[in-house]
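Open the model in your viewer and keep the selection tool at hand. The tour below goes from one selection to the next.

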Amino acid sequence: MPGGDGRLTLDLDPQDRGPQDACGVFGVWSGDRSGADPTEVAKLTYFGLYALQHRGQESAGIAVSNGSQILVYKDMGLVAQVFDESHLSSLRGHLAIGHTRYSTTGASVWENAQPTFRSTASGSIALGHNGNLTNTRELLELAEKRAAESGELPYDGATPTEGEARRWREGMRANHNALHSTTDTEIVTALLASYPDLSMEQAALEVLPQLRGAFSLVFMDEETLYAARDPQGIRPLVLGRLERGWVVASETAALDIVGASYIREIEPGELIAVDAHGLRSSHFAEPAPKGCLFEYVYLARPDTKIAGRSVHATRVEVGRRLAQEAPADADMVIPVPESGTPAAVGYSQGSGIPYGLGLVKNSYVGRTFIQPSQTIRQLGIRLKLNPLREVIAGQRLVVVDDSIVRGNTQRALVRMLREAGAAEIHVRISSPPVKWPCFYGIDFATPAELIANGLAVEEIRASIDADSLAYISLEGLVAATEQPTENLCRACFDGVYPIPLPEPELLGKHLLEAGPVDASALLGGAGATDALSRP
């Protein structure tokens with residue numbers, strides 16, 4: 001692991017990562033070219049990304065166009081670390097996109113930071129992507145074919161082997177048409193730039209139908225802002241209106257932050273374009289909605305709306321239903337802050353048990369700029385959460401959390417609460433057991449690490465040493481969203497993937513990097529069989 005350098009964001013406990021967020025994307029087009037503040041779109045994008053920081057903390061970037069050229073600035077770290085006033089003052093124009101990243105394809109390195117940038121026959125393109133594609137190798141072959149058609153390398157029609165693909169990537173890096181990173185986003189950018197005889201809008205209508213998986217895209221050329229969403233609409237993407245412009249963003253909360261009015265969601269299978277001629281909409285595929293259910297559980301901000309419903313209201317309702325499904329005889333309901341808070345409020349309302357604050361979260365410790373020593377790592381959860389002993393001593397507690405992935409955090413939490421004097425600890429989880437990995441933009445643990453993949457609920461309870469343990473049912477969670485079951489992706493809970501997956505060796509975060517993929521770790525096997533013996 002790299003040492004702390006003041007900019008990289010490092011997990012305190014990489015052995016117990018929770019579900020890592022998808023990315024956040026933002027785009028703005030301004031019709032105000034009076035020159036009053038040529039940095040306004042960059043600043044709006046900065047604040048939009050700031051509102052989306054929870055969706056990715058590894059890197060951040062902004063691309064701005066002044067009508068004749070695109071300038072991109074990106075770096076590793078949080079939004080506030082990457083950008084300061086001097087950076088924003090150099091990003092002048094009327095059109096911008098931004099991206100905050102957690103890596104789901106490709107390593108967490110500067111080369112993989114977004115927006116990506118590429119020259120085209122008529123100018124250039126910058127692109128940001130939230131999601132994860134499932135046909136990356138197929139797209140790599142298509143990019144190779146299009147490069148061959150332009151005379152840049154030979155193509156024999158056969159699917160490239162890993163060695164051939166690696167050699168091609170290395171060869172591409174040696175010329176002007178290089179693949180500069182190991183992300184699926186870079187391949188999409190290359191494909192969009194590979195149609196010299198088409199406009200960017202026409203090229204997008206050629207490329208987008210060939211993408212499989214989850215993608216919410218914002219991209220731009222020198223004059224036009226584009227946004228597109230996969231036919232299943234797995235990751236959110238919304239449209240907002242400024243007084244003299246338009247905004248697209250991953251969540252409605254980002255619209256609120258920059259003062260934009262919510263207009264609607266970008267529809268599944270829709271491409272929109274915004275330029276001086278106004279807003280245009282076209283569809284490149286029939287919509288087949290399968291919005292991510294885990295957005296309601298954990299990913300989205302509570303002040304965001306999805307399909308017209310507040311995420312906070314959904315989480316509170318989940319808590320109410322959880323109280324009905326899994327009652328407990330207790331004195332106080334406490335949340336594991338902050339994602340467990342709305343469900344704890346709902347559990348208190350549904351059960352009549354008083355709500356209390358039993359844990360205080362250090363909001364600035366989850367990521368650190370200083371490489372923690374082993375001694376510091378052993379403090380574990382105590383660096384993130386601290387119990388209010390005078391509140392919980394002698395109390396029978398209902399502890400509400402959003403999910404259990406490996407179980408290490410909950411085990412340490414229960415131990416800490418017992419040491420603080422809790423009489424009983426009844427753990428309630430506001431999502432069903434997470435048994436399956438996500439291939440659509442969330443970096444879960446592998447099945448071998450997911451505790452619910454290998455153990456029954458009673459075995460998990462024994463593993464974390466709680467007095468009782470219960471999860472919301474899948475039916476209860478879906479009902480709380482007020483969305484039809486068939487319109488939601490529930491794959492991490494039920495293993496039913498709405499978009500067909502390729503062979504395991506063609507999946508994985510590091511598919512485009514050198515080295516073989518451990519296919520067995522991606523899909524196979526019961527997991528967490530050592531959980532009962534963990535310290």
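**Around H16**

Select Asp-465 to begin: this residue, just after helix H16, takes a positive phi of about 65 degrees. The model is a predicted one, and the angle is computed from it.

Now step back into H16 itself, residues 457-464. Which residues of H16 are buried? They are Ile-460, Ser-463 and Ile-464. These residues lie on the same side of H16, because they cover an arc of only 85 degrees around the axis. In an α-helix, residues three or four places apart point the same way, because there are 3.6 residues a turn.

Next, show what the buried residues of H16 pack against: helices H14 (408-419) and H15 (451-454), together with strands S23 (424-429) and S24 (468-471).

**H4 against H6**

Select helix H4 (residues 136-149) and helix H6 (residues 184-192). Their axes are 10 Å apart and the packing angle is about 35 degrees. The crossing of H4 and H6 is left-handed. To see the contact, display Thr-136, Leu-139, Leu-140, Leu-142, Ala-143 and Arg-146 on H4, and Asp-184, Ile-187 and Leu-191 on H6. Sorted by class, the contact has six nonpolar, one polar and two charged residues.

**Cysteines**

How many disulfides does a search of the whole structure find? The search finds zero. Select Cys-492 and Cys-292: the sulfur of Cys-292 is the closest cysteine sulfur to that of Cys-492, but at 6.4 Å it is too far for a bond. Cys-492 counts as buried, at 9% relative accessibility. Finish on Cys-23, which is buried with a relative accessible area of 3%.

Notes:
Residues numbered from 1 in each chain as written. Predicted model: local features only at pLDDT ≥ 70, side-chain atom pairs only at ≥ 80, totals over all residues. Heavy atoms only, no water. Buried < 20%, exposed > 50% of the residue type's maximum accessible area, 1.4 Å probe, protein only. Helix = DSSP H or I, 4+ residues; strand = E, 2+ residues; numbered from the N terminus. Arc of directions from axis to C-beta. Contact = heavy atoms within 4.5 Å. Disulfide = S-S within 2.5 Å. Axes fitted to C-alpha atoms, helices over the stretch in contact; angles between N-to-C directions. Left-handed = near helix turned anticlockwise from the far one by under 90°. Nonpolar A, V, L, I, M, F, W, Y, C, P; charged D, E, K, R; others polar.
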